Amino acid sequence: MEVATAPPGFSPTLSTEGLLDSEVPEAVADYLIPVHAKALRDVARHANASALDVDLVVERWELVLTVTDDGSGIPQDVKLSGLANMRERAAGLAGEFVREVPPGGDTRLRWRVPLFGHAEVPTTSGDGPR
């Protein structure tokens, strides 16, 4: 699986659980990779973070990607098109995307999708699966 580049200045902590290579259908992986990359880019661009935790859990029926930073969160004046794109990608796989703000001002992005029922995923030219 392709790994997205880390925000400048520090490396994220990556934790994985489950069988990524054998349990994650290609259709889900095709969405996961750009969502993961977008989350890292958003942290680098907006969060003013010094630490980033990425947790990827594959359970029997679902995949959950959680990205948590220790930054200032997403500024009010930022266009939220990236978050909308992550939400659309989750919905395209019958999943969900949630942005949470835990106590302390951190930001947590959680992208959860089922691992079944994805025989074919529509694509758009130039932007990968949507």
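Q: Two strands pair if DSSP finds at least two bridges between them. What makes β4 and β5 a pair in this predicted model?
A: Five bridges join strand β4 (residues 96-100) to β5, and the two run antiparallel. Strands here are DSSP runs of E with at least two residues, helices are runs of H or I with at least four, and both are numbered from the N terminus.

Q: On what basis is the model read?
A: Residue numbers start from 1 along each chain as its sequence is written, and side-chain values use heavy atoms, without hydrogens or water. The model is predicted: local features need pLDDT of at least 70 and side-chain atom pairs count only at pLDDT 80 or more, whereas totals for chains, interfaces and linings use all residues.

Q: What is the strand order of the open sheet, and which strands are its edge strands?
A: The open sheet has five strands in the order β1-β2-β3-β5-β4, with mixed pairing. The edge strands are β1 (13-17) and β4, each of which pairs on one side only. From one strand to the next, the twist averages 10 degrees.

Q: How do you know that β3 pairs with β2 and with β5?
A: Seven bridges join β2 to β3, and eight join β3 to β5. Individual positions include D53, whose bridge partner in β3 is T68, and V67, which stands opposite L109 in β5.

Q: Which residues of the largest nonpolar core touch the most other members, and what makes a set of residues a nonpolar core?
A: V24, L63, L65, V67 and W111 touch the most other members of this 29-residue core. A nonpolar core is a set of buried Ala, Val, Leu, Ile, Met, Phe, Trp, Tyr and Cys residues joined through side-chain atoms within 4.5 Å. The elements that give two or more residues to the core are α2 (26-47), β2 (52-58), β3 (62-69), α3 (81-92) and β5 (107-114). Of these, α2 gives the most, with nine residues.

Q: Why is the pairing of E96 with R112 called a salt bridge?
A: The side chains of E96 and R112 meet at 3.5 Å, N to O. A salt bridge requires a side-chain nitrogen of Lys or Arg within 4 Å of a carboxyl oxygen of Asp or Glu, so this pair qualifies. E96 lies in strand β4 and R112 in strand β5, so the pair ties together parts that are 16 residues apart in sequence.

Q: How many salt bridges does the structure hold, and which residues does E100 meet in them?
A: The structure holds four salt bridges. E100 meets R108 at 3.2 Å and R110 at 3.5 Å, both N to O. R110 is in strand β5 and E100 in strand β4, ten residues apart. Salt bridges that share partners also join E62, E96 and R112 into one network.

Q: What is the mean pLDDT of the protein?
A: The mean pLDDT (the predictor's confidence in each residue, from 0 to 100) is 80, and 76% of the residues reach 70 or more. Over residues 121-130, however, the pLDDT is below 50. Beyond near neighbours in sequence, that stretch has 17 contacts in the model.

Definitions and conventions
Buried means under 20% relative accessible area, exposed over 50%, partly exposed in between (1.4 Å probe, protein chains only). Contact means heavy atoms within 4.5 Å. Axes are lines fitted to C-alpha atoms, for helices over the stretch in contact, and angles run from 0 to 180 degrees between N-to-C directions.
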